[in-house]
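Q: Hey, can you walk me through this structure? I'd like to go bit by bit and ask things along the way.

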Amino acid sequence: MARRSVHPNPTRTAPGKGSKSTQRERILTGMITAANRDGYAGASVSAVIAEAGVSRPTFYDYFADRDACFLAMIAEVHGRLLALLRPAVEAEAPEHALQACLRVLVDFAASEPAQARFLMNESLAGGTSALAARDGSIMEIAQLVEDRYAELKPAKAVPDFSARMLIGGVYRLLAVRTRRGDPRVSSLVEDLLGWVAAYERPLKKGRWRSLQPLAPLAPSPFLPEVPLRAPPPLPPGRPRISAAEVAENHRRRVLFAAALLAEQKGYTASTVADICKLAGIDARAFYAMFADKQDAFMAVHELGFQDLMAVTAGAFFAGSSWPERSWEGARAFTQFLEANPTIAHVGFVEAHAVGPGAVQRVEDSHGAFTIFLQEGLQYAKPDPPPSRPTMEAIITTIFEIVYSQARTGAELQLSGLVPHMTFLTLAPFLGAEPADAVIDELLAGRSGK
Amino acid sequence: MAEDPVGRAAEGRTRRRGGGRGTGSSAVRRSLRRERLLGAIVEVTAREGYAAVTLASVTDAAGVSRRSFYECFADKDACFLAALKEQQEQLLAGIRRAVVREPERAAQIAVERLVAFASSTPATARVLLGEAMAAGPDALDARDRAVDEIGALVEAAYDSLDQGTPAPDVSPSVMVGGVCRALAARLHRGDPASPGLGAELIDWLASYERPLAAHCRRGLRPVRLPPAVLGNGIVHLASPDLAERAAGEEVVSWHRARILAAVARLSERRGYAATTVTEIARQAGLSPRAFYRSFADKQEAFAALHEQQFRAIMAVSAGAFFAQQGWPERIWAAGRAFASYLEQNPALARTSFIESYSGDSERLRRVEELVGAFTLFLQEGYEHGARGSAPTAIALDAIATTVFELAYRYIRADRVRELGSLVPHSAFISLAPFLGPEDADRFLAAQIESLAQ
């Protein structure tokens, strides 16, 4: 219940622990609390003002609507983060700019978990503008790093990968940890520093930093025949089709309609009525199969995930050694997404919008792809072996790459990035130079397989 | 005369070129020709794959006339079957003799002998352990019978021992069948089956060891469990009847889908060998020309169907696997979903476990790759390394092929609906090499307990 503010507080005090905050700050803090608890969808104006202890008119004095408040808080947290990053990056040698950033990001997640969670996790559910704000935050941090790199002599060694993607990958890693309230977040620093060290090489020898796609690879022979699509409506007066087949037909049409709507309108804005209309079935048939919108959407997500996993696995095992398997897996993975942009969108852009109850499942499905890295531990027996967080970071970075491509809305161009993704995968196990050697072999000999 | 038929055929050719009829009665000469034919068919199969073997290639390789061939064998299949049986007899005899001397190592001896066979005569081993499974139902029967005979030898040995003797708590015939598949896959890939592999497999077997009196898995006693609920995200493979006329470039992809559905239907009813392109096209409601726009030949269409079925099975298993936290829980869930899906889709089960094993060597290699794909689910087991020595690559392959063999046997015997009741045993096969048999059993007992509630 909203508490009416009895004492309006005109003095603007400095923000800080325990001091009296302005109304605006209380609203923003209320937004973080509500969003972290119930997700973007649950962070309504009512919920926010209840947390903040302000009236509804007061809320609207400061913000046009919920979204404006949400975005303002993203900007606010980003600003605080940047204020911590700038001096840290300046204090270190230019070639350690990225490492400095990673230290600050992890420390921030450890010391300000609510804010970190909001910026890195809840933003993913906030719709297009929120995603843009989140991406903007990452890009600004990456720019800090790039600006420092510009001061370097070409012989200096830096991680040979796009800072923007690495930071995005770390955002995702921290998003999971802060969402789960992981108390050992700060221990990630060592893992992440070790991780990026694997990519280091002199600036002038950099191959992968620019994330410039190479020529698309020849199509993988392991892609499904038919891209996933909705089955056509049943012909009228259907005499020979069993009840089970009718139900299956309806179910698939609902799944595909849900996927399309998520891509076009966004999950949050889509309704059950929308889904039924697009699928061409009535609400009763819908509710016979699915409990609600979230249930239908999670089924689509599940379908997409399982298919992507199965396609990747089938291609992976066509390789005769782990590096070759990683390559073949990445090829099928990227090409499958290119052929099924709706799945790419549902899995990588809209996925977090499902709401707190289902996000666990989404995160698990992302984490699942670390399974393709496990064999690397047996193959390379690196010393020390890449840690679990390192393997997660490799996958979350690949996911960040896919996500950023899918966000552009243009035709996905992912298979040209297979060499980059392979470098990301192999270097922590084999070392940067051996990884490049393997990639060159694969590019030369096997791209036409 | 060489024991290896491949060598024997070559010898025979030299001998024939050396001079006319040779010595001895006509019965002896016929017997020699028969021997050469048996050697030749193995040699040619090793080279070309069974499907491509022709009578002419066999008689050429043997240096024998067509008429002589028909004096010995009714047809190619009969010749091949005879060659198989001859090889199997040899292998069995060797195992039998060794097991009599050391019954407490019966399972290990079987494995050692198979590895020795694969490493000393790889081409012949590839035919016996691999190609034979693509040579039609009679050859498959012979293969299964031979595996069962080895299994029976091991069981008989166990019966003769003090029940306190440690032995691997795995069904011997399923294990032997699994090891045969794992070795065949290696040979098909061109990886040498080095004798060292034997030691690794023995080590793998050791991970299932417990006193005979404590054995609870070997007998494959069914465990009644409620069926696993498969999630909402599964999409069953498309039925062609519902596919309407599509326009433009969609036509081709809808045709492909209809062809695959037709192949699935025919494969279940008639098997790979008996199905023709004409029949497939007719079943799909298309002209043969439309078929050839999508697929070069029958083998390619079957290959595409098999990929599709693999993906469906993998998707279901992966979905269940990743829905759990904790590796043993994941293995249990994946095993349950896997069995449930096959139970609900018996036609798919038959096609993907039996009919898929068809076509040329490259096809067989791919089939074996896909079986090996399920080792993906085992990788996480290394993080659970309770045991001193972790399973090696061949052990991982053997786990996957042994579980596959178990499913294959039940599917082939039309007992697909019992697969769910075997999940505790198949899960044990996956878990014990990492957790040890006691912890694996404890875990499984807890899972069964919680399902009973």
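Q: Where does Gly136(B) lie?
A: Gly136(B) sits in a loop of chain B, between H7 and helix H8 (137-160). Keep in mind that this is a predicted model.

Q: Is Gly136(B) buried, exposed or partly exposed?
A: With a relative accessible area of 29%, Gly136(B) is partly exposed. The cut-offs that matter here are under 20% for buried and over 50% for exposed.

Q: And how far apart are Gly136(B) and Ala257(B) in space?
A: From C-alpha to C-alpha, Gly136(B) and Ala257(B) are 27 Å apart, and they are 121 residues apart in sequence.

Q: You mentioned H7. At what angle do the axes of H6 and H7 of chain B cross?
A: Roughly 125°, for helix H6 (residues 106-120) and helix H7 (residues 122-129) of chain B, and the axes come within 5 Å. Therefore H6(B) and H7(B) are oblique to each other.

Q: Which residues make that contact?
A: From H6(B) you have Leu114(B), Phe117(B), Ala118(B), Ser119(B) and Ser120(B). H7(B) brings Pro122(B), Thr124(B), Ala125(B), Leu128(B) and Leu129(B).

Q: How many of those are nonpolar, polar or charged?
A: The contact of H6(B) with H7(B) has seven nonpolar residues, three polar and no charged.

Q: OK, new spot. What does Ser194(B) touch?
A: Leaving out residues up to four places away in sequence, Ser194(B) touches Val115(B) and Ser119(B). Ser119(B) already came up, as part of the contact between H6(B) and H7(B). Ser194(B) itself is in the loop between helix H9 (172-188) and helix H10 (196-206) of chain B.

Q: Buried or exposed, or partly exposed, for Ser194(B)?
A: Partly exposed, as the relative accessible area of Ser194(B) is 35%. Its C-alpha is separated by 21 Å from that of Ala98(B), which is 96 residues away along the chain.

Q: Let's go to H15 and H16 of chain B. How are they placed relative to each other?
A: The axes of helix H15 (residues 327-344) and H16(B) come within 5 Å and cross at roughly 105°. That makes H15(B) roughly perpendicular to H16(B).

Q: Who's touching whom there?
A: On the H15(B) side it's Phe338(B), Tyr341(B), Leu342(B), Glu343(B) and Gln344(B). On the H16(B) side it's Pro346(B), Leu348(B), Ala349(B) and Phe353(B). By class, that contact counts seven nonpolar residues, one polar and one charged.

Q: What about H18(B), how many residues does it have?
A: H18(B) has 20 residues and reaches 28 Å from its first C-alpha to its last, close to the 28 Å expected at 1.5 Å a residue. Of those 20 residues, 17 are buried, so H18(B) is largely enclosed by the rest of the structure.

Q: What comes just after H18(B)?
A: Just after H18(B), Asp414(B) takes a positive phi of about 60°. Asp414(B) is in the loop between helix H18 (393-412) and H19 of chain B. With a relative accessible area of 65%, Asp414(B) is exposed.

Q: And where does H19(B) bend?
A: At Ile429(B), by about 35°, and a proline, Pro433(B), follows within four residues. H19(B) is mostly covered, with 13 of its 13 residues buried. After H19(B) comes Gly436(B), whose phi is positive, near 90°.

Q: Last one: over in chain A, which residues of H4(A) are buried?
A: Among them are Cys69(A), Phe70(A), Met73(A), Val77(A), Leu81(A) and Val89(A). What covers the buried residues of H4(A) includes helix H1 (23-42), helix H5 (97-111) and helix H8 (163-179) of chain A. Helix H4 (residues 66-91) of chain A has 26 residues and reaches 38 Å from its first C-alpha to its last.

Notes: Residues are numbered from 1 along each chain as its sequence is written. Chains are lettered from A and ligands numbered from 1 in the order in which they are written. This is a predicted model: local features need pLDDT of at least 70, side-chain atom pairs count only at pLDDT 80 or more; totals for chains, interfaces and linings use all residues. Side-chain values use heavy atoms; hydrogens and water are left out. Axes are lines fitted to C-alpha atoms, for helices over the stretch in contact, and angles run from 0 to 180 degrees between N-to-C directions. Helices (H or I, at least four residues) and strands (E, at least two) are DSSP runs, numbered from the N terminus. Angles under 35 degrees count as roughly parallel, over 145 as roughly antiparallel, 65 to 115 as roughly perpendicular and the rest as oblique. Contact means heavy atoms within 4.5 Å. Ala, Val, Leu, Ile, Met, Phe, Trp, Tyr, Cys and Pro count as nonpolar, Asp, Glu, Lys and Arg as charged, and the others, Gly among them, as polar. The bend at a residue is the angle between axes fitted to the seven residues ending there and the seven starting there. Buried means under 20% relative accessible area, exposed over 50%, partly exposed in between (1.4 Å probe, protein chains only). The expected span of a helix is 1.5 Å times one less than its number of residues.
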